[in-house]
Amino acid sequence: MKYSLLASISASALVMSSSALAQDQIEWSGFGSIAAGMTTGSDDQLFGYDNDLDFNPGSLFALQAKANLSDKLSVTTQIMSRGSEDFDLGVEWAYLQYQLTDSASVNVGKLRLPFYMYSDYLDVGYSYHWLRTPQSVYRVPFDNYTGVSFQHNAFVGDFTFNTQIVAGNMQDDISVIGGETAEAELNNLIGFNTSAIYSNLTMRVAYYQTNDANIQLRGIDGDVDALLTLLEQVGADQIITELDASEDKGTFAGVGVMYDNFDWFVGAEYTELELENSYVPKQRSAYITAGKRFDSWALHATYGKTDDKVMNPERFAVPDPQLQAVVNQAANIVVTETAYSSIGVNVNIAPSAVLKFDVTHADNKLTDESDVLASAAVQFVF
């Protein structure tokens with residue numbers, strides 16, 4: 001169903017856009033971000049930036065079209081161009097929505113995977129106070145899946161509950177060891193998230209799992225291939241199995257809270273990701289943020305932290321000390337313990353555009369290295 005369905009929905013949207021009758025019924029919208037940044041140290045690197053002023057890593061443009069096929073059925077597609085991908089156009093969303101009742105709907109197609117509180121608006125920088133979402137938490141290397149989601153809203157007393165149940169698959173190229181790209185696939189992905197809203201307070205829980213997670217490591221890096229070959233030669237096939245991500249169980253859990261009275265705000269998120277029996281460590285991530293709004297501008301600060309842990313390190317034990325050192329290096333290569341501190345200022349320059357400034361300091365506890373990134377962006381919707 002996965003990509004043939006996506007292609008069919010995208011094609012339907014294009015056919016709709018070419019119909020004179022449909023053009024009157026299509027709702028167009030869009031958003032964008034023109035961002036620039038550079039690190040303050042000659043050797044610093046952070047979020048795709050280095051010591052040279054760069055406009056590509058954080059810049060993007062997107063255009064979205066929604067066509068109502070009936071009073072209950074609609075089709076939505078969103079195309080996006082990212083500076084980090086040489087502004088190549090790609091289909092970010094493409095789905096059909098059927099409105100079951102006033103409070104329930106079903107979406108089918110390519111959808112946003114709702115891991116986080118701001119997943120639905122992940123690329124719409126105008127919708128949140130940061131210049132970019134906190135990278136201490138928003139670091140899963142994929143955002144979308146192909147499948148189905150069921151959404152329901154309920155009112156209980158003074159609370160509003162929004163619940164979303166998802167099921168589907170993910171197949172994409174993701175950034176892995178040393179920034180190299182590898183093919184990744186998640187099958188039988190299921191999960192849910194629920195938000196409870198009371199006055200100015202929003203609380204959220206989320207849980208997702210897959211029993212068939214795969215990341216193709218062979219062929220992405222010469223050092224990795226050499227290590228796997230060496231392990232095969234010494235008969236350490238069990239270690240290869242433990243390092244490899246093949247048909248493994250993966251889980252993601254998150255909680256979040258945000259209080260916003262439109263004068264000041266404070267919020268936090270905590271997430272845990274685990275891919276059992278693989279080189280991927282258990283990823284524990286958190287941030288806390290707060291800010292104050294003043295007429296047409298706002299000031300905010302955020303502190304975030306990653307605290308990864310290699311689970312059951314004894315499963316990587318080999319009798320050769322020299323080989324053990326290499327295996328340990330491979331098992332710990334994606335472990336991070338980094339603290340992020342940032343301060344930002346936002347200035348509303350138009351009813352639907354904001355100018356943002358941000359300075360972020362990253363402190364790597366494992367390497368005892370730090371990086372500072374200064375960046376600015378104009379983010380807008382239309």
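How many nonpolar, polar and charged residues does the lining of the second largest cavity have, by class? The legends below answer this for a predicted model.

**View 1. Lining of the second largest cavity, by class.** The lining has 5 nonpolar residues, 3 polar residues and 2 charged residues. The volume of this second largest cavity is about 40 Å³.

**View 2. Residues around the second largest cavity.** Y116, V137, R139, V140 and F252 belong to the lining. T271, E272, L273, Q283 and S285 complete the list.

**View 3. Strands at the second largest cavity.** Strand 11 (264-275) supplies at least two lining residues, and so does strand 12 (283-294). Strand 11 gives the most, with 3 residues.

**View 4. The largest cavity.** The whole structure holds 3 cavities of 30 Å³ or more. In the largest, the space comes to about 150 Å³. Its lining counts 15 residues. Closest to the centre of the largest cavity are P134, Q135, Y340, S342 and T360.

**View 5. Strands at the largest cavity.** Three elements are shown here: strand 13 (297-306), strand 14 (338-350) and strand 15 (353-364). Each supplies at least two residues of the lining of the largest cavity.

**View 6. Lining of the largest cavity, by class.** Polar residues number 8 in this lining.

Terms used. Residues numbered from 1 in each chain as written. Predicted model: local features only at pLDDT ≥ 70, side-chain atom pairs only at ≥ 80, totals over all residues. Heavy atoms only, no water. 1 Å grid on protein atoms, 1.4 Å probe; cavity = no way out; pocket = protein on both sides within 12 Å on 5 of 7 lines; lining within 4 Å. Points joined across faces, edges and corners; volume = space filled by probe spheres on them. Helix = DSSP H or I, 4+ residues; strand = E, 2+ residues; numbered from the N terminus. Nonpolar A, V, L, I, M, F, W, Y, C, P; charged D, E, K, R; others polar.
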